[in-house]
Amino acid sequence: VTANKKTQLGVPEVMLGLLPGAGGTQRLPKLVGLQMALDMCMTGKNIRPDKAVSTGLANKLVDDPEKLRAVAVQCARDLADNKLQKAKPYSAFPKSAKELLN
């Protein structure tokens with residue numbers, strides 16, 4: 001993700017009354033936690049790049065937007081070669097309904 005002041009991440013389609021697409025309702029809670037995912041999905045709230053990295057929504061911040069493509073391609077290569085860790089699921093997310101009840 002670029003560290004540009006104008007960069008924001010979110011699910012803007014909810015501002016039109018639509019459900020988040022591209023697995024937003026399934027993947028987002030696993031990455032950022034249920035509370036933040038619900039906040040983003042219900043209000044359309046966007047988050048800044050630095051917070052995206054700290055919450056697990058993004059892996060890296062790139063200061064220079066001109067280098068973003070090169071960094072993204074290198075990250076894809078590293079993922080393919082198992083050199084880069086995939087985003088870890090949010091640890092507080094319950095794995096089962098039974099875990100929710102305990």
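**Reading the sides of a helix**

Tutor: Happy to! This is a predicted model. Let's start with packing: the buried residues of α2 are set against α1 (24-32) and α3 (49-55).

Student: Which residues of α2 are buried?

Tutor: The general idea comes in handy here: an α-helix has 3.6 residues a turn, so residues three or four places apart point the same way. In α2, the buried ones are Met36, Ala37, Met40 and Cys41. These residues sit on the same side of α2 because they cover an arc of only 125 degrees around the axis.

Student: What does the face of α2 turned away from the buried side carry?

Tutor: That face has the exposed residues Gln35 and Met42. Exposed means over 50% relative accessible area. Met42 counts as exposed because its relative accessibility is 67%. Together with Leu34 and Leu38, Met42 makes a nonpolar surface patch of about 320 Å².

Student: Now for the neighbour. Which residues of α1 are buried?

Tutor: In α1 they are Gly24, Leu28, Pro29 and Val32. Looking down the axis of α1, you find them within an arc of 110 degrees, so they line one face of the helix. Their cover includes α2 and α3.

Definitions and conventions:
Residues are numbered from 1 along each chain as its sequence is written. This is a predicted model: local features need pLDDT of at least 70, side-chain atom pairs count only at pLDDT 80 or more; totals for chains, interfaces and linings use all residues. Side-chain values use heavy atoms; hydrogens and water are left out. Patches are made of residues with over 30% relative accessible area and no salt bridge: like charges are joined within 9 Å, nonpolar side chains (Val, Leu, Ile, Met, Phe, Trp, Tyr) within 5 Å. Accessible areas come from the Shrake-Rupley method with a 1.4 Å probe; for residues, only the protein chains shown count as cover. A salt bridge is a side-chain nitrogen of Lys or Arg within 4 Å of a carboxyl oxygen of Asp or Glu. Buried means under 20% relative accessible area, exposed over 50%, partly exposed in between (1.4 Å probe, protein chains only). Helices (H or I, at least four residues) and strands (E, at least two) are DSSP runs, numbered from the N terminus. The arc is that of the directions from the helix axis to the C-beta atoms. Contact means heavy atoms within 4.5 Å.
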